Amino acid sequence: MTRLIFYICLSFFATNNFAQTPDSTATPDSLAEAITASVQVDRKEVPQNFTVKFTLRISWQGEVSRYKVEKVDNPVLTNFEIVGNSSSNWVGEIGGAKKIIQTYEYVLKPLSLGMGYIDGMIIDYKDTRYDEIHSLVTNRLEVKVIDPVVETNWTLWLLTGVGLVLLVVLTVAAAIFIKRKNAREAEQRRQMLQIIPLEETYLNDLKQKINLNNSNSGESFSALSKLLKRYLSERYQIPALEITSPEIVVELKKMALSEKLIAQLEEVLSACDLAKFSGGQVESGTLERCYTLFEDILNRNKREFIESTN
């Protein structure tokens, strides 16, 4: 009799205890409303200098508020450490039925070579319809940690490649720029050499328009004065044809001209003015001296111009 009572009690206890055993496939009402938990890793082998992603996904169909996940603890790890984690909650419809998916992701870093383990997780949840607490249990996962691999730093290679390309482009551009610059300068020098100096023109005019043997010295002085003033207007950009000889000398002194040049020009201008007001009555040899001074000025300025273009 005593043995019979013992077996009855044992049977009753086992039945109640089984109803509370954690079961990842438990379906309180129907398969359509079942809550499930699944785990996975993105690789089964991981180099020691890489990481592995561990994902826990809890999902059910039907009412959004039907189940409430009480708490999700971090996974218990062997030969791994957590270096990052995130979570998300998705609610939508699949095949006309509402679907709820809660996702927890962990980034795991290997600690040493060998096997690494992620223990099964126990997820407690509440069935709000019946106000009951249940649990889901996931499988234990294992990942093999292998020798580190040499990582290729593609960013560094990319930046190096871009830098080399830019260096080549800049070098070519600089070479083209220098070549064109040298060509322009050579062309400018060539053109300048081809330009007839201003003084060359006036030397020819001086020989053609001034006759030292002309008996009418007043006419020769007048022609010399006009020729000199026209030259000064073009050469030094002053209104020599519109101002008096003393005013011309003042303008010339404002420039960085040698005292000798100014003195020679002043002597020629003064002699031409004296011949004009005296009717050509000047000392013998004055016209020839003025001619020689003007010619010397033209030749000296011509040499300076040629030297500056070489």
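Two strands count as paired if DSSP finds at least two bridges between them. In this predicted model, Lys68 stands opposite Lys126 in strand 9.

**Strand 9 and its partners**

Strand 9 covers residues 122–127. One of its faces is covered and carries Ile123, Tyr125 and Asp127, while Ile122, Asp124 and Lys126 lie on the uncovered face. Strand 9 pairs with strand 4 and with strand 10, as tabulated here.

| Partner of strand 9 | Residues | Sense | Bridges | Residues that stand opposite |
|---|---|---|---|---|
| Strand 4 | 67–71 | antiparallel | four | Lys68 and Lys126 |
| Strand 10 | 132–137 | antiparallel | six | Asp127 and Glu132 |

Lys126, the residue opposite Lys68, belongs to the uncovered face of strand 9. Asp127, which stands opposite Glu132 in strand 10, belongs to the covered face. Strands 9 and 10 form a hairpin, with four residues between the two strands. In that turn, Asp131 has a positive phi of about 55°.

**The second largest pocket**

The volume of the second largest pocket is about 210 Å³. Its lining consists of 13 residues, and those closest to the pocket centre are Ser225, Lys229, Cys272, Asp273 and Lys276. Two elements, helix 4 (217–236) and helix 6 (259–277), each give two or more residues to this lining. Helix 4 supplies the largest share, with six residues. Sorted by class, the lining of the second largest pocket holds four nonpolar, five polar and four charged residues.

Conventions
Residues are numbered from 1 along each chain as its sequence is written. This is a predicted model: local features need pLDDT of at least 70, side-chain atom pairs count only at pLDDT 80 or more; totals for chains, interfaces and linings use all residues. Side-chain values use heavy atoms; hydrogens and water are left out. Buried means under 20% relative accessible area, exposed over 50%, partly exposed in between (1.4 Å probe, protein chains only). On a 1 Å grid over the protein atoms alone, a cavity is a set of points where a 1.4 Å probe fits but cannot get out, and a pocket is an open set with protein on both sides within 12 Å along at least five of seven lines; lining residues have an atom within 4 Å of a point. Grid points are joined across faces, edges and corners, and a volume is the space filled by probe spheres set on the points. Ala, Val, Leu, Ile, Met, Phe, Trp, Tyr, Cys and Pro count as nonpolar, Asp, Glu, Lys and Arg as charged, and the others, Gly among them, as polar.
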